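Here is a friendly set of questions and answers to read alongside the sequence and the model. Could you keep both in view as you go?

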Amino acid sequence: MRQRIGLVGARGHTGRELLRLIAARDDLELVFASSRELAGQPVCDMAPEVTSGLLFESLSPDAVADRGADAVILALPNGAAHSFVAAIDAARPDTVIVDLSADYRFDDDWTYGLPEIHGRDALRGAKRIANPGCYATAGQLAIAPLRDRLAAQPHVFGVSGYSGAGTTPSRKNDIEALRDNLMPYALTGHLHEREMSRQMGIEVRFTPHVAAFFRGIVATVHLSLAEPVTRDALIALYETAYRGEPLVRVTGETPEVRDGADLPGAVVGGFGVSGDGRHVVIVSTLDNLLKGAAVQAMQNLCLALELPE
């Protein structure tokens with residue numbers, strides 16, 4: 001029997017990817033797609049893969065809870081998830097919720113879902129899952145294998161395509177403002193900086209930037225080590241850490257934005273090592289809409305429902 005899935009926030013870039021990914025599975029059934037802006041329009045107009053004849057709806061939190069879905073994916077802006085979570089908690093607490101915003105990433109009552117690093121056991125059967133941020137995913141994939149060998153805080157220099165700024169107009173998704181430009185923002189205290197620090201158990205420094213390409217992220221991560229390492233040993237360490245993980249590819253080459261864009265997983269490489277072996281640079285790239293959002297949500301959803309990942 002197929003699991004019944006609802007999607008709230010279907011209009012955005014990530015919502016479009018989620019519609020495609022849900023439709024591709026024969027063990028999931030999309031039973032509603034909520035979007036105020038698109039209400040009444042056929043879902044297949046935006047996602048031709050959805051052939052069920054569904055229309056977009058504008059659903060209140062109570063209406064979402066009343067639909068009785070087995071799982072609900074919330075693809076909403078930060079700060080918008082709480083009313084939906086409260087309604088589902090009250091009416092159907094056994095419904096699985098995967099939240100893509102930052103609203104519950106710092107809540108100990110929610111399971112943080114980055115299976116390649118934090119494991120799958122806690123996700124199996126979980127009811128409340130906080131999906132990691134896109135930059136935070138790229139940064140953690142670069143840091144995690146060396147987490148216990150660090151002598152100082154990691155520094156992450158991140159650049160994202162403008163789809164990461166969402167669909168609401170701003171300078172960060174204004175093509176004219178971005179033309180021939182690289183735009184730094186949130187110079188301190190970015191949510192993903194705090195997220196990486198919390199999940200890695202160390203203080204992480206992070207500087208985000210947005211550029212004029214649509215999708216993809218590259219994170220260049222500087223790490224200081226307590227003991228020296230050779231480049232061969234470093235690559236072997238990462239190959240061991242991600243062995244058996246089909247969505248993480250380790251390469252000796254330095255990956256670029258285009259190497260991760262449109263792929264469901266991440267590419268980790270570069271492996272620059274200083275002359276004394278104590279300073280290394282790892283480059284991690286992924287698609288901010290896929291492994292940085294929708295694919296990760298699908299991994300977490302399927303683990304929670306105990307379906308094949």
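Q: What is the relative accessible area of Asp-89?
A: This is a predicted model: local features need pLDDT of at least 70, side-chain atom pairs count only at pLDDT 80 or more, and totals for chains, interfaces and linings use all residues. Residues are numbered from 1 along each chain as its sequence is written, and side-chain values use heavy atoms, with hydrogens and water left out. Buried means under 20% relative accessible area, exposed over 50%, and partly exposed in between (1.4 Å probe, protein chains only). Asp-89 falls in the partly exposed class, with a value of 39%.

Q: Which residue meets Asp-89 in a salt bridge?
A: A salt bridge is a side-chain nitrogen of Lys or Arg within 4 Å of a carboxyl oxygen of Asp or Glu. The partner of Asp-89 comes within 2.8 Å, N to O, and is Arg-128.

Q: Are Arg-120 and Glu-245 buried or exposed?
A: Arg-120 and Glu-245 form a salt bridge, with their closest N and O atoms 2.8 Å apart. They sit 125 residues apart, Arg-120 in the loop between helix H5 (115-118) and S6, Glu-245 in the loop between helix H9 (231-241) and strand S11 (248-250). Both residues are buried.

Q: How far apart are the closest N and O atoms of Arg-67 and Glu-57?
A: Arg-67 is partly exposed, at 32% relative accessible area. Glu-57 is also partly exposed, at 22%. The closest N and O atoms of their salt bridge are separated by 2.4 Å.

Q: In which helix is Gln-199 found?
A: Gln-199 is buried, because its relative accessible area is 16%. Leaving out residues up to four places away in sequence, Gln-199 is in contact (heavy atoms within 4.5 Å) with Arg-105, Tyr-112, His-118, Gln-140 and Arg-147. Its place, at residues 191-200, is helix H8.

Q: How many of the ten residues of H8 are buried?
A: The buried residues include His-192, Glu-193 and Met-200. They pack against strand S5 (111-112), H5, helix H6 (134-143), strand S7 (155-160) and strand S9 (205-210). H8 is mostly covered, and its buried count is seven.

Q: What is the radius of gyration of the chain?
A: The radius of gyration is taken over C-alpha atoms, and the globule rule is 2.2 Å times the number of residues to the power 0.38. For 309 residues a compact globule would come near 19 Å. The chain agrees with this, at 19 Å.

Q: What share of the residues of the chain count as buried?
A: The chain holds eleven helices and 13 strands. Among contacts with a separation of 6 or more, 72% join residues 24 or more positions apart. Of the 309 residues, the share counted as buried is 55%.

Definitions and conventions:
Helix = DSSP H or I, 4+ residues; strand = E, 2+ residues; numbered from the N terminus.
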